[in-house]
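Notebook open, structure loaded. I want to look at the ligand sites first, then the helix and the cores.

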Amino acid sequence: MLLSSYRSYMEDTILITGGAGFIGSNFILQWLERSSSAVVNLDKLTYAGNLHNLTPAEKRPGYEFVHGDITDQERLRSLLSRRKPRAIVHFAAESHVDRSIRGPEEFVRTNINGTFSLLEEARGYWGGMSSGEAADFRFLHVSTDEVYGSLGPDDPPFAETTAYAPNSPYAASKAASDHLVRAYHHTYGLPTLTTNCSNNYGRFQFPEKLIPLMILNALGGKPLPVYGDGQNVRDWLYVEDHCDAIATVLEKGRVGQTYNIGGWNEKRNLDIVQSICDMVDEMAGSRGAPRRDLISFVKDRPGHDRRYAMDATKIEHELGWRPKETFETGIRKTVQWYLNNEEWVRNVTSGSYRQWIETHYSS
Ligand code: NAD
Ligand code: DAU
């Protein structure tokens, strides 16, 4: 491509879905720090959406928050025609595995039907573009490593060519959405990109997930509920590295491709919880007994995947992306963030959050 004709996505309007959630809000803030582009954030504001995360974005000209549901096709159509984005980055989803086990319906509605609605409207919008604009348009679908199923202790990590074998209703709904995205590229030529990422951690993560739950319970001197024997393995990635990887794929990824994103950072759950206990003891001061004493082994998650690991060679070789943060530096920043942001924590741990914790952990 001639340099003079090169236009970066960082200069154009992009539409983000689910931008009030954990990864979406980190993505918007990082994107706005690096670019002059206009950002439209479409979010339904479920329990997981939090506009407080986006206060710095509200001051930026060109930033717009739209309260809406991705299953609402008419709303999508008018938004696309009004704001004319050059790219859609699709984060919106129900994202918690335990909730998908207790109530899968919302996962089918948002993750499958919602992605379908978005693809349909993106296809119509893209079909009405000039050929130059259509060639530049991108639909980037943010997905997960859970679509690949579970690994044995000696299996090689998941590659982009690993067969899909989703095990939870959440993973199955994400796998279905990935297949729809693939089909829209293959059948209609929609310029799609798919990213499959491992477990994220960092600021703004809702404390139903392992790392923030353990930090907050450790701080509050509450039991630390480790499922099963605590030997399940996840590959952890600092959220800002994930956001950087998504921006890299949007800018340089080959249309129709999928890219695995991971931290090269496999850890057993028990090791994670123990290091959080030690870090909280060190950073928040001792409460007499070491916080490791709070660890309590509880009933396992049904169908609990034993091990995830990502082979992120393709994104490194093709696009030059590698994570910058190590687990040790990332987890320290994360613990410090939760220590410094008591008000954020108070806001999200009221009402429906308490109800979830009581229902889920009492049984
Ligand atoms: P999250 O649960 O924190 O946020 C989801 C956001 O989507 C919320 O703001 C919510 O209000 C919004 N939303 C939900 N349903 C909606 C609907 N019908 N219409 C519009 N908005 C809706 O999720 P997250 O952890 O930030 O994950 C974002 C994406 O990344 C998801 O697609 C998830 O599958 C994927 N992912 C997450 C991880 C992880 O470790 N958290 C790892 C890999 C991939
Ligand atoms: O792998 C990527 C996925 O990571 C994302 O697609 C999901 O959206 C995200 O929620 C996450 O899924 P997990 O199920 O791996 O994350 P979670 O934080 O719920 O659990 C991490 C591990 O910790 C898992 O093995 C279950 C265990 N766990 C979790 C909780 C909440 C516990 O032992 N105790 C707990 O209380």
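Predicted model: local features only at pLDDT ≥ 70, side-chain atom pairs only at ≥ 80, totals over all residues.

Started at ligand 2: a polar side-chain atom of Asp-145 lies 2.5 Å from one of the ligand's oxygen atoms. I count a polar contact as a pair of N or O atoms within 3.5 Å; within protein, one must be able to donate a hydrogen and the other to accept it, and residues adjacent in sequence count only if both atoms are side-chain atoms. Thr-144 also puts a polar side-chain atom 2.7 Å from an oxygen atom of ligand 2, and Leu-210 has a backbone N or O atom 2.8 Å from an oxygen atom of ligand 2. The protein covers 95% of the 690 Å² of accessible area that ligand 2 has on its own (Shrake-Rupley method, 1.4 Å probe; for residues, only the protein chains shown count as cover).

Residues are numbered from 1 along each chain as its sequence is written, chains are lettered from A and ligands numbered from 1 in the order written, and side-chain values use heavy atoms, leaving out hydrogens and water.

Next I looked up the shell of ligand 2 (a heavy atom within 4 Å). It has 25 residues, and Asp-145, Tyr-170, Arg-301, His-304 and Tyr-361 come nearest.

Ligand 1 has 28 residues around it, with Ile-23, Asp-43, Ser-95, Tyr-170 and Lys-174 the closest. A backbone N or O atom of Ile-23 is 2.8 Å from an oxygen atom of ligand 1. A polar side-chain atom of Asp-69 sits 3.0 Å from a nitrogen atom of ligand 1. Here the protein covers 97% of 830 Å².

Which residues of α1 are buried? I get Phe-22, Ile-23, Gly-24, Ser-25, Asn-26, Phe-27, Ile-28, Leu-29, Gln-30, Trp-31 and Leu-32 (buried is under 20% relative accessible area, exposed over 50%, partly exposed in between; 1.4 Å probe, protein chains only).

Last, the cores (buried Ala, Val, Leu, Ile, Met, Phe, Trp, Tyr and Cys joined through side-chain atoms within 4.5 Å). The largest has 67 residues, and Phe-27, Ile-211 and Ile-315 have the most contacts inside it (contact: heavy atoms within 4.5 Å). Apart from it lies another core of 22 residues, including Leu-15 and Phe-137.

Definitions and conventions:
Helix = DSSP H or I, 4+ residues; strand = E, 2+ residues; numbered from the N terminus.
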